[in-house]
Amino acid sequence: MDTVIHTDKLTKRFGDFIAANEITFDVYRGEIFGFLGANGAGKTTAMRMLCGLSKPSSGTATIAGFDIYKQTEEIKKNIGYMSQKFSLYEDLTILENIRFFGGIYGLSDKQLKEKSEQLIGTLGMECEAKKMVGALPLGWKQKLSFSVAILHEPKIVFLDEPTGGVDPVTRRQFWDLIYEAADSGITVFVTTHYMDEAEYCNRISMMVDGEIKALDTPAKLKQEYAVTSMDEVFYRLARGAKRSE
Amino acid sequence: MRTLKFLLQKEFKQIFRNKALLPLLFVVPIMQLLILPLAADYEIKNINITIVDHDHSPYSHKLISKITASGYFKLANYVIGFNEAFDDIEKDRADLILEIPQGFERNLIREDGAAGQTDGEQLYVAVNAINGVKANLGSAYLNRIIADYNADVRMEWAQMPRFNLFPTIEITSSNWFNPTMNYRFYMVPGILALLVTMIGAYMCALNIVKEKEVGTIEQINVTPIKKYQFILGKLLPFWFIGIVVFTMGLFGVGWLVYGIIPLGNLFLLYAYLGVYLIAVLGLGLLISTYTETQQQAMSIAFFFMMVFILMSGLFTPIDGMPKWAYVITQFSPVTYFIEVMRMIVLKGSEFANIKTHFLIMVVFAVVLNGWAIYNYKKTS
Amino acid sequence: MMDNISTFIKKEFLHVFRDRKTLLMLFGLPIVQIILFGFALTNEITNAKIVVCDYAKDDASQQIIGKLQASQQFDIQRILLNHKQIETAFKDGEIKMAVVFPANFNSDLLHQHKAQVQLITDASDPNTATAISGYANQIVMDYQNELMQLQRVPYQINTEVRMLYNPELKAAVNFVPGVMSLILLLVCVLMTSVAIVKEKETGTMEVLLVSPFSPFLIIVSKAMPYLALSLINLTIILLLSVLVLGMPINGSILLLYAVSTLFIITALSLGLLISNRTASQQSAMLISLMGMLVPSILFTGFMFPLENMPYPLQLVSHIIPAKWYYIIVKSVMVKGLGFSAIWKETLVLLTMTMLLLVVNIKTFKIRLT
């Protein structure tokens, strides 16, 4: 199996506070990798380091074969990112957002045209294509930002709590999009604190107090802790947590 | 280049879609340029004078009418006691009191040519000096009128040839570059410079900080966009808008409304403006890299703008400042631009005249932008 | 009830005092302004750069040049040889004035008793041009008078000038009352409106409004910290102007504080009005800055003489509260007058405050239904 993310003792300190402590794991091509943990466990910090938004304090990592310290610009060409906060431009239309982000990833005019038609078709947003993004309901916005994040066909897409505040039906639809992306060969790295979503992942890791406490397939984890749901796995692991927001 | 094209498209769309921003960018500056020069007129005229005349003689009357006919003074009150006059000063009805003592005429005329023993006749002037400039000029004007009057009296009473032996120096003044001493000619280019500065620095700083606040900057930071591309994408639209506003102000208001026709080379003026705008936008950029919220950016920009504008030399002369303050003015790009505006527009200066100014502005542009780019981090 | 109100007020104080950056700016601003206005911004001109073009090169011209050089106002850059160089010097922005002595200056003066001096000023800056040609006139006149004094002159009128209130003609005497009104406005209008709109934006205002207290009391308690801050600022400004600038407070301090409190309340009501009408911090800031601060600087009269403005603009100045406060501060602080001299201005401020408060209460009720 191809390793697309490899980290070794990756650490981030803010002064005395260790947000992420010696994180070590591998993620393989085409995988849906769930990154779980309570609020404040250090998920977002870890993810920001992998995306090149934040410099690690120590440890090493390679993303798509590129070094996290020296080749951040190479990494950026090969990843997509969808942040916790909705971050498309609300005062641009759907089409304009797609064109903009596609454009800065270097898609040609022809590709842009094809891609945007295809994307709007898949999302069923033909009527809204010329509407301001700010006017869309939250669920639509999330689906749109995901589609924009994989517009340039990255090797890996990072999703930071992509379904926060979204209704269950839309969440289900959102996961369909994720599967589709994974089928097309994109590796998906997703953080969430919905435990039902954890079940959709191929493998998951559990972060508690900045450290990875467990890493395996959902089935194996349930077996290991001798419980029937991921909720219980999470509860067992997180019970000992010292920090929470 | 392609990336830049997409960035620019996006910025222009966002700016022209913002209905609250557009009037601020284009209408408010023009309004200010129309109103401010009318309000900011420093010329001292219509000084209110109250006269205390203890003499009531033809000579005192002659002096009074000479004062009121001068055009500088308006007779606010004509009273018989000093206390009444002082009341006028306290209530701001008068700026100046002239007191003519009793026996003014008698003492003045009695003193014929042969008996020039006394030291002369005394007049008393009291000035409300809270506004020092006005007080200074007012008393200087009054002194000049009294001196003229004095000369008249002397001519009348002493026409013997020997008095012509007194040497007199005639002073002729010519006011170059603005012979009518029109204050608008001075204020309009200066205020235009200030407006362009404010638009550049504020809008640029706020625009970037807004992306930080909303979080879209994160999305940009994970893309392969280069620092310089992102910054150029932010600078160019405001650079362009600055040039448009300047053009509207220079031709639409300066030329059409106030009749100010730039004397110097327009190409030189715009070249300087171009460099200046880069420097000012760099300042805005720099502010944005040090702030997290729009409120902070606004406060800091306000602080700098206040200092720069007050010390720019437009409202008070730089030549009167103490050394430390003078040094500060030399570190403010605004000072140079206002000076260059005046030089090119009013005096017709050429490149050879302003080459030092040009060089300094290039240094400002490079340092401010370099510092901002250095400080702008895609990663934390 | 009183207990609860004090809880509210305490909370507001906490908000204000925890925001260090803003607080720093609040107290830093008056200090910087006092230093700028007190020391850097004077209308006096010293060391104005001039050139002399002396075709005479005789005793008289040398003596006048010596006097120009010796005066603080002028700094002679060069002695030019011909007229043509003057224009270049002006265009380089190197000089503000040129003094030209024609040939035979001294002999004209001695034999024909009449000689000419030409002053050429750079009138692209009329302020400076007027001022320095005035100084130069004075110096030449002095020289002439010295010549005259050698002989006794009959029919002489002398004038004795007294500068009231400000014998040293310090710019600060004029500026400090202006700075006071500006700072108080800035703190009260800008800060209050932004603070209240912020609560609207973040939604905490709703929480407060559903609490069992009258909304008016909530608003009043929001305004309290700013009243306190403004009074502290006022004290800082007064201390600085007395201790650093050496300005006396000639009138009653108590009266000064009383009227200032009234003005602060006027400004706070304005801030409330703005916050009632706007939904975002950004628009509150823009309205406060563009709509309040700029007109206040313009129409208060301390930067630009009101009497020179076109009549419509003079009318506008009447509705600016800062203008009335400025007159009051000048009367009390500088002229040392009592209440009888300022009751009219006080009444105007009082009426404005009442009006603003009434409008505030009215619009507030509408918002709640």
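What is the mean pLDDT of chain B, and what percentage of its residues reach 70 or more? The mean is 85, and 93% of the residues of chain B reach 70 or more; pLDDT is the predictor's confidence in each residue, from 0 to 100. This is a predicted model, in which local features need pLDDT of at least 70 and side-chain atom pairs count only at pLDDT 80 or more, while totals for chains, interfaces and linings use all residues. Residues are numbered from 1 along each chain as its sequence is written, and chains are lettered from A and ligands numbered from 1 in the order in which they are written.

Within chain B, confidence is highest in helix α10 (residues 266-290), at a mean of 94, and lowest in helix α5 (residues 104-110), at 78. Over residues 113-117 of chain B the pLDDT falls below 50, and this stretch has six contacts in the model beyond near neighbours in sequence; a contact requires C-beta atoms, placed from the backbone, within 7 Å. Where pLDDT is low, predicted coordinates should not be read in detail.

Chain B is divided into domain 1 (2-40 + 181-375) and domain 2 (47-165), with bounds from an automatic or database domain assignment. The centres of the two domains of chain B, taken over C-alpha atoms, are separated by 50 Å.

Strand β1 (residues 47-53) of chain B has five of its seven residues buried, so β1(B) is largely enclosed by the rest of the structure. Buried here means 20 or more other C-beta atoms within 10 Å of the residue's own, against 12 or fewer for exposed and partly exposed in between, with C-beta atoms placed from the backbone. Helices (H or I, at least four residues) and strands (E, at least two) are DSSP runs, numbered from the N terminus, and two strands pair if DSSP finds at least two bridges between them. β1(B) runs parallel to strand β2 (residues 73-79) of chain B, with six bridges, and B:Asn48 has B:Lys74 as its bridge partner. Five bridges join β1(B) to strand β3 (residues 96-100) of chain B, also parallel, and there B:Asp53 stands opposite B:Ile100.

The contact between chains B and C takes 85 residues from chain B and 84 from chain C. On the chain C side, α6(C) gives the largest share, eleven residues. By class, that side has 44 nonpolar, 26 polar and 14 charged residues; Ala, Val, Leu, Ile, Met, Phe, Trp, Tyr, Cys and Pro count as nonpolar, Asp, Glu, Lys and Arg as charged, and the others, Gly among them, as polar. Strand pairing also links the two chains: nine bridges join β5(B) to β4(C) in parallel, with B:Ile169 partnered by C:Ala115. In helix α4 (residues 84-91) of chain C, C:Ala89, C:Phe90 and C:Lys91 are buried. Their cover includes elements of both chains, among them α13 (333-347) of chain B and β1 (48-54) of chain C.

Chain A meets chain B through 23 residues of chain A and 19 of chain B. On the chain B side, α1(B) supplies the largest share, eight residues. Chain A has an open sheet of four strands in the order β2-β1-β4-β5, with antiparallel pairing. β2 (17-28) and β5 (66-67) of chain A stand at the edges with a single partner strand each, so one side of each is left without a neighbour in the sheet. Five bridges join β1(A) to β4(A), and A:Asp8 is partnered by A:Thr60.

Conventions. Two residues are in contact if their C-beta atoms, placed from the backbone, lie within 7 Å.
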